[in-house]
Structure formats: C-alpha cells, structure tokens
Amino acid sequence: RPALNLPRLRDMAARGEKLAMVTCYDATFAQLLDAAEVDIQLVGDSLGNVVQGQSSTLPVTLEHMAYHTACVARAKRQAWLVTDMPFGSYEASPQQAFESAAVLMRAGAQMVKIEGGGDIAHTVRFLVDRGIPVCGHLGLTPQRVHALGGFRIQGRDEAAAAQLKADAAALAQAGAAMLVLELVPSALAREITQAHPEMMTIGIGAGAGTTGQVLVLHDLLGLTSGKRPRFVRDFTREPGTAADAPGLSVAQALRRYVVDVKAGRFPDEAVHGY
Ligand code: KIV
Ligand code: NA
C-alpha cells in the first residue's frame with residue numbers, strides 16, 4: 001500500500017470508506033499496525049495512562065510526546081501519523097502552540113491534535129496557515145477532566161449539543177482537517193459529520209456515523225484492567241465468547257478491528273453507542 005497522506009485520506013472518506021485509527025506509542029506496534037493496514041496511528045497522550053501509569057493525561061509533557069512520536073515514526077511506513085499536543089503545550093498562545101507543534105513535527109508527526117473548540121480556533125488557524133495539519137478533539141476532552149467533572153458522555157442536553165456543534169463549526173472554519181469526537185451521542189456525532197464534509201470525523205464512543213473510528217491500542221487488545229467503558233471492544237475475543245476461551249493473536253485482533261471498522265460492524269450502535 002502507498003503511504004497515506006491527507007489527499008488520499010480525503011479520497012477514501014469521499015468514497016465512503018471508513019477510516020481506522022489506533023493509538024500507538026512504540027516501534028514494534030507501529031509495524032504491527034501497518035501490517036494490519038490501520039490508516040492512522042495516533043501517538044495519544046493516553047500514553048500517560050497506558051505506558052506511564054498516570055491516572056490522567058495531565059502529567060504528560062511535550063518531551064514525552066516527542067520521544068514516543070520518534071519511536072513510532074522510525075518504524076511506520078504507511079499510516080498517517082498524528083500526535084497529541086499535551087496539556088500546557090498550546091493553551092497560552094498561538095505562538096506557544098506553534099513552537100510545541102514544531103517539536104512534534106520534527107520528531108516525525110504529520111498532524112497534531114489539540115483538545116478544544118471555539119476557544120482554540122484561532123490557534124488552529126495559526127498552525128494551519130503555517131503548514132501544520134491539525135486534528136481537533138471535542139466531547140470528552142481528557143485534559144479538561146477536572147473541569148468536566150469526570151469521564152462521562154458530553155453534549156447530552158440541548159444547550160451542550162448546540163455548544164458542541166458551534167465548536168465543531170469553529171474548528172472546521174479554522175481549517176482543521178480532522179476532528180476526534182469522544183463520548184458524544186451517536187446522533188449528534190452523525191450530524192456534525194454531515195455538516196462538515198471537509199473535516200473528517202473520528203469517533204470514540206460516538207456511534208457509527210463518523211468518518212472513522214479510533215480506539216486505544218491496549219483497550220482493543222483487551223489489556224486494560226478495571227472497568228471497561230461501553231464503547232470499547234476487546235478484539236482478541238469473538239463477541240459473546242467466554243473470557244477464558246482461546247483468543248486471537250495480536251496481529252489477528254488488529255486486522256479484525258480494521259476489517260470490522262471498514263465493514264461497518266464496529267461500532268455496533270446497540271452495544272457501543274450512546
Ligand atoms: O490520547 C488518546 O488516546 C486519544 C484518543 C482516545 C482519541 O486522544
Ligand atoms: Na489524547
């Protein structure tokens with residue numbers, strides 16, 4: 001497969017092909033994700049949780065993100081590579097955001113992801129005008145967990161849904177080429193996706209109506225302990241089989257995720273949607 005870039009991703013989306021994104025933090029998995037034909041690898045600040053053992057993404061630094069981006073970038077060949085801007089690396093000003101984004105792009109990122117809506121639209125425009133592709137992130141934004149009051153569904157009531165739509169419009173207007181929608185009602189995510197065909201939406205706990213899907217690597221491999229959010233599926237198991245039944249290999253599970261996303265079998269609205 002040729003290496004993916006923004007025009008190719010846009011063509012796929014325009015043809016109605018669902019995009020499969022997975023988080024990645026190291027070289028071994030970068031290769032495995034490429035072999036499974038995952039379209040987009042995200043060096044997420046979820047590495048704070050799954051790699052560093054933190055209880056939130058707030059302690060993750062720009063240096064941590066650059067290090068893991070470089071590890072992934074050395075190994076991946078085909079996927080489009082997106083890296084999260086960590087907490088505290090972009091909020092102060094567009095100039096601060098540019099300096100931070102430059103560090104990540106030098107490390108091998110092809111696009112940076114920023115949490116926030118209208119409040120950071122000016123920063124998104126500043127980066128896009130300087131040749132840095134930007135992915136937004138709305139809904140449950142983990143860097144704001146303390147202000148949001150926990151990890152729960154967003155955009156439920158009418159006012160919150162209107163705010164989310166306005167934020168998505170502001171990001172599209174600012175030139176964001178992609179938008180992660182996390183923990184929002186399926187109907188709202190579908191509406192936002194249809195309203196902005198130029199901005200590819202990637203859902204996590206956002207139903208089946210988005211341009212693509214993303215899961216945290218460790219979640220989709222069933223490696224995460226504790227209570228599993230409704231939107232997660234363990235792709236090492238056939239749905240409905242016993243927890244101690246023999247599972248699929250890592251390579252098989254990753255491939256199953258891609259195939260099921262492309263076929264519209266994941267997410268299953270009745271099981272994983274809100
Ligand atoms: O950090 C992360 O893994 C993310 C995805 C869940 C979208 O931001
Ligand atoms: Na993140």
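Glutamate 37 lies in the loop between α2 and β2 of this predicted model. Its phi is near 65 degrees, a positive value in a residue other than glycine. Glutamate 37 is partly exposed, because 16 other C-beta atoms lie within 10 Å.

A positive phi of about 55 degrees also occurs at leucine 183, which is not a glycine. Leucine 183 is found in the loop between β6 (178-182) and α9 (186-195). Leucine 183 counts as buried because it has 25 C-beta neighbours inside 10 Å, where the cut-off for buried is 20 or more. Most residues other than glycine have a negative phi, and most peptide bonds are trans.

A cis peptide bond joins phenylalanine 266 and proline 267, with omega about 0 degrees. Proline 267 sits in the loop between α11 (250-262) and α12 (269-272).

| Strand paired with β2 | Bridges | Direction |
|---|---|---|
| β1 (residues 19-23) | three bridges | parallel |
| β3 (residues 80-84) | four bridges | parallel |

Leucine 42 takes part in both pairings: it is the bridge partner of threonine 23, and its own bridge partner in β3 is valine 82.

Conventions:
Residues are numbered from 1 along each chain as its sequence is written. Chains are lettered from A and ligands numbered from 1 in the order in which they are written. This is a predicted model: local features need pLDDT of at least 70, side-chain atom pairs count only at pLDDT 80 or more; totals for chains, interfaces and linings use all residues. Two strands pair if DSSP finds at least two bridges between them. Helices (H or I, at least four residues) and strands (E, at least two) are DSSP runs, numbered from the N terminus. A residue is buried if 20 or more other C-beta atoms lie within 10 Å of its own, exposed if 12 or fewer, and partly exposed in between; C-beta atoms are placed from the backbone.
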